[in-house]
Amino acid sequence: DVENSRSYIDELYSEENCKCQEAIVCLKNAVIGSNKKKGSIISQGIVPRLIALLCNAGKPLQLRIDAGIVLGSLAKGTESQVHSLMRFNIVEVLITIIFDASTNERLMEACLGALQTIVQYPFAPLDLLHSDINNIKRLIQIASPRSSFACQMYVVNIFVPLCHSSHQQKSLCQAEVIPFLARLMICDNTTLQVPALKCLAAMCFTNKSVSNIVHATYHADRSILDILTALLSRTRDVQVQLSASRCLTYLHRAGSLPAEDYRIVYKTLPCLARLCSDEFEEDTRATAAETLAYLAEIDSELQRLAAISNHLIVSLANLVKCPSVLSRQGAFRCFASLAANDEEIRKRIIEMDGLMEEVLSGLKDGCAEDHSVWRPLMDLLSGEPSLELQTVVTSTICNLLLEFSPAKEPMLESGAVEMLCELTKHPDPALRLNGSWALMNMAFQVSAGAASRMAETVYCVLCAEQHVKTKIINTLGTDRIFQLLGDRDERVIMKTLGLLRNLLSNTLHIETIMSEHSSEVLRAVSLVLDDPHPPEVKEQAIIIIGNITAGARDEDYVLQDEKIVKKIRDFLVANDNKLQMGAVFVVRNLLEKSGRQQILRQWGFLENLEQLLRMTPQHSQFYEEYVWIMGLSVS
């Protein structure tokens, strides 16, 4: 044990080089693969001695190399051990030796290896490299084709974490890193190709200017796009295929490669779908699913093509059942992306045996509760789920619940409403947003399948919808709605207003809900109109008022609230078009029922309608409608 080996620790400080060399070899063998021994070495204060040996040009070369190797080994320890190395300015020391033109190549390799390990940590002082563009250029020179394989490998791996921000991406681009990466991409050595591709992908991520440069760059008479496309071949190493597909995905999402380009439609998308299949390692499948989700996220045609590619939905359903959180996260992200726009795709996802149970159990806090309708694999997560995984799962649910989705009934029966209502109380704004968003989608329209099981009538469809809506409003509660409408996140407010709008979408539902909750609903809407929200938020509240005025049969709920009536009157002559249009929508609905004209005149609506008419050009598409409303108001 290191603690009991004071002899060679003491000899590390010997001025006799041979004794010092023997000691450092013992030390090197002791720390390899043992974090405990690494920690012991650091705690005994030996790091400064190692740095002194490394920097001393008067010491034998092998002694300096071994000192660099030991420091590199210590850098592979725990995070706290690496923090300890940082206190001795280890990065500055390594950079100084690396950038010294007289440094021996073997010593260079030892220092580059240690630096490569350290820069992978998020707290590494990367600015020391980015502070001068010549630092990047010098690294490229160090990794020239004439350099050793190890130097080239270390340098390209150092570049991978150096390009996360837009500024860093631009800096690497200006230092001519792209031609350097292109050379490594065609070298037919996976150890060099994969980090080169990872670096290129990181440079292109959400950066259109860099992506455009990559798009236009040629190397050895071949465009980088053609090089990347060739690397998608099944004959290539799997990690090369995956990394190349990520490059092309990021080029597309940055706007440099259109969705209909053959490299995306016929190469990248099929490659990613294939890499999601069970024949590949779990981490490969997870990364492929994440990448495919990002590729198809905003394009409905790519979503449709992905859904029919290589049994993808089956592959994702199997990936959901894997033990790794990253695997489940990748699968859910891909499901969310595929289900974003197409009802048929949503139907196929829902009909996968046991999948909905897996999705729903992703929201459970790791409980192993039995339920007769859930599969044994319902417990998606071990322990408490991460915020990111919960966000991904709830995003999937939001998309699966769109419009006439068949997901609504099975999810309703499995306790999804209660789960989603609980999410609206979560401290994380993304989860509150997804909870309110999913409830909004669930309240929109019940699935046709649920209605057909009851009867093939419009009335039964309405009853089925009413069942869902009653469940939502009773579970969520009006107090929680008030809290959501006062949320700090404006997106949560918008989705909550969308939920109220969907709850109050036809006469039967309006009468049922308003008969029990009219004062709470009107108070909630008034709260939004009073607060300093932007017009698009207030517009949603006005639409809710318009729905109530159109659908309420037995009571004039809106006209009984003086505060709201005055707000609508004033919005008729507001400077914002959204507020004007919303107010006109409410007034038109009010005037379509007899007996309201006199009341509206008493509230001063006639004067504001006349002013609105004067403000509107006669050639405007709205002019005739305003004239018609004026006619109703004075009849």
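This is a predicted model: local features need pLDDT of at least 70, side-chain atom pairs count only at pLDDT 80 or more; totals for chains, interfaces and linings use all residues.
## Overall architecture

The protein chain contains 39 helices and two strands. Of its 635 residues, 55% are buried. The accessible surface of the chain amounts to about 27,200 Å², and carbon and sulfur atoms account for 51% of that area.

Contacts across the sequence can also be described by separation. When contacts between residues at least 6 apart in sequence are considered, 69% of them join residues at least 24 apart.

## The largest pocket

Rolling a probe the size of a water molecule over the atoms shows where empty space is left. In this model the largest pocket holds about 330 Å³ of space. Its lining consists of 17 residues, and those closest to the pocket centre are Lys198, Ala201, Ala202, Arg246 and Tyr250.

Helix α17 supplies the largest share of the lining, with five residues. By residue class, the lining of the largest pocket divides into seven nonpolar, six polar and four charged residues.

Is Thr287 buried, partly exposed or exposed? Its relative accessible area is 28%, so Thr287 is classed as partly exposed.

Apart from neighbours within four places in sequence, Thr287 is in contact with Leu242 and Arg246. Arg246 is also among the residues closest to the centre of the largest pocket. Thr287 and Ser243 lie 44 residues apart in sequence, and their C-alpha atoms are 9.6 Å apart in space.

## Salt bridges

Side chains of opposite charge can pair when their charged atoms come close. The count for this model comes to 17 salt bridges. One of them joins the side chains of Asp489 and Arg491, with an N to O distance of 2.8 Å. Asp489 is buried, because its relative accessible area of 13% falls under 20%. Arg491, at 45% relative accessibility, counts as partly exposed.

Another salt bridge brings together the side chains of Lys563 and Asp530 at 2.6 Å, N to O. This pair links distant parts of the chain, with Lys563 in helix α35 (residues 562–571) and Asp530 in helix α33 (residues 507–530), 33 residues apart. Lys563 is partly exposed, with a relative accessible area of 47%, and Asp530 is likewise partly exposed, at 34%.

How are Glu562 and Lys566 separated in helix α35? They are four residues apart in that helix, and therefore about one helical turn separates them. Glu562 has a relative accessibility of 42% and counts as partly exposed; Lys566, at 32%, also counts as partly exposed. Elsewhere, salt bridges that share partners join Asp226, Asp261 and Arg263 into one network.

## Gln580 in helix α36

Gln580 is found in helix α36 (residues 577–591). At 10% relative accessibility, Gln580 lies under the 20% limit and so counts as buried. Leaving aside neighbours within four places in sequence, its contacts are Phe571, Leu572, Val573, Ala574, Leu612 and Met615.

## Positive phi in two loop residues

Most residues other than glycine have a negative phi. Asn89, which is not a glycine, has a positive phi near 55°. Asn89 sits in the loop between α6 (79–86) and α7 (90–98), and with 42% relative accessibility it counts as partly exposed.

Thr206 is another non-glycine residue with a positive phi, of about 55°. Its place is in the loop between α14 and α15 (208–216). Is Thr206 buried or exposed? Thr206 counts as exposed, because its relative accessibility of 56% is over 50%.

Definitions and conventions: Residues are numbered from 1 along each chain as its sequence is written. Side-chain values use heavy atoms; hydrogens and water are left out. On a 1 Å grid over the protein atoms alone, a cavity is a set of points where a 1.4 Å probe fits but cannot get out, and a pocket is an open set with protein on both sides within 12 Å along at least five of seven lines; lining residues have an atom within 4 Å of a point. Grid points are joined across faces, edges and corners, and a volume is the space filled by probe spheres set on the points. Ala, Val, Leu, Ile, Met, Phe, Trp, Tyr, Cys and Pro count as nonpolar, Asp, Glu, Lys and Arg as charged, and the others, Gly among them, as polar. Buried means under 20% relative accessible area, exposed over 50%, partly exposed in between (1.4 Å probe, protein chains only). Contact means heavy atoms within 4.5 Å. Accessible areas come from the Shrake-Rupley method with a 1.4 Å probe; for residues, only the protein chains shown count as cover. A salt bridge is a side-chain nitrogen of Lys or Arg within 4 Å of a carboxyl oxygen of Asp or Glu.
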